[in-house]
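Trainee: I have a few terms to check against their definitions. Can we go through them on this model?

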Amino acid sequence: MKKTPSFLNQNQPLNTCMIMNKTAREAVITCRNAVYDGCDAFGIQIDRLLREERTEEKLGSIYKAMGNRPIYITNYRKGQTELSDEQLAEDLLTYLSWGATLADVMGDYFCPSKDEITYDEVAVAKQKALIDRIHAMGKEVLMSSHTHRFMTAEEVLELAKAHQARGADISKIVAMGNTEAEEMENLRITTLLKQELDIPFLFLSGGKHCKLHRTIGPMLGCNMWLTTQKHDEHSVGAQPVCRAIRTIADNFNYDI
């Protein structure tokens with residue numbers, strides 16, 4: 001019997017290739033190349049797809065090209081300001097029902113807030129209800145907060161525990177590392193999250209000194225890499241290339 005793909009309970013971090021193409025045809029080509037490059041899973045930012053490309057048939061063709069691998073989807077606000085968070089959430093559920101594994105629920109869904117995390121009681125209740133609906137579908141939830149700033153260890157732990165308390169299966173936090181000292185602290189915070197958090201996590205850096213954290217963070221406790229098949233206008237420059245991470249993961253020995 002075919003095993004259901006999952007981002008949870010994996011023996012090692014997943015090399016997750018992010019897809020940010022505008023059309024389904026382009027996305028399928030990127031997926032096929034990423035499979036040859038050795039990715040373990042896929043993430044697709046559906047908010048980057050043109051609206052007319054977001055049909056069940058076209059998204060289904062992308063999911064099919066990903067093979068029997070776990071699929072992580074986003075539906076962020078950027079580029080979709082005409083839609084309410086309630087509409088974004090309903091669309092996220094639809095895209096999830098067409099074959100994806102895990103949904104990215106923003107930490108400030110229903111109440112846009114600093115650091116992409118809200119503590120508004122009404123919004124938090126709506127987030128919990130959304131997470132319950134996703135779990136009822138047999139799917140998984142990642143809660144994300146992109147803070148766009150360096151954060152202290154205490155701030156990161158508080159944010160991750162808020163994600164955990166709302167029912168997320170995975171906590172994702174993207175902070176900044178603009179100096180060597182900040183990046184070294186981000187690596188230390190990664191080890192603290194492994195000790196303190198009861199759910200898997202993905203802690204990433206942006207900024208000038210982000211690449212070390214994005215390369216070795218999974219060796220220290222993150223449950224996945226976010227990679228790109230190649231660097232172009234449809235990729236995030238900070239993300240390492242899929243095939244490079246495949247080589248590192250296959251040859252890095254961190255046994256104690």
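Predicted model: local features only at pLDDT ≥ 70, side-chain atom pairs only at ≥ 80, totals over all residues.

Mentor: Start with handedness: the crossing of H3 and H4 is right-handed.

Trainee: Why is H3 called roughly parallel to H4?

Mentor: The axes of H3 (residues 85–97) and H4 (residues 121–136) cross at roughly 10 degrees and come within 11 Å. Angles under 35 degrees count as roughly parallel, so H3 is roughly parallel to H4.

Trainee: Which residues make the contact?

Mentor: Contact means heavy atoms within 4.5 Å. H3 brings Glu86, Ala89, Glu90, Leu93 and Leu96, and H4 brings Lys126, Leu130, Arg133 and Ile134. By class, 5 are nonpolar, 4 are charged and none is polar.

Trainee: What makes a space a pocket?

Mentor: On a 1 Å grid, a pocket is an open set of points with protein on both sides within 12 Å along at least five of seven lines; lining residues have an atom within 4 Å of a point. The largest pocket holds about 540 Å³. Its lining has 24 residues, and Gln45, Tyr76, His146, His148 and Val236 are the closest to its centre.

Trainee: Which strand gives the most to that lining?

Mentor: E6, with 3 residues.

Note on methods:
Residues numbered from 1 in each chain as written. Heavy atoms only, no water. 1 Å grid on protein atoms, 1.4 Å probe; cavity = no way out; pocket = protein on both sides within 12 Å on 5 of 7 lines; lining within 4 Å. Points joined across faces, edges and corners; volume = space filled by probe spheres on them. Helix = DSSP H or I, 4+ residues; strand = E, 2+ residues; numbered from the N terminus. Axes fitted to C-alpha atoms, helices over the stretch in contact; angles between N-to-C directions. Parallel < 35°, antiparallel > 145°, perpendicular 65-115°, else oblique. Left-handed = near helix turned anticlockwise from the far one by under 90°. Nonpolar A, V, L, I, M, F, W, Y, C, P; charged D, E, K, R; others polar.
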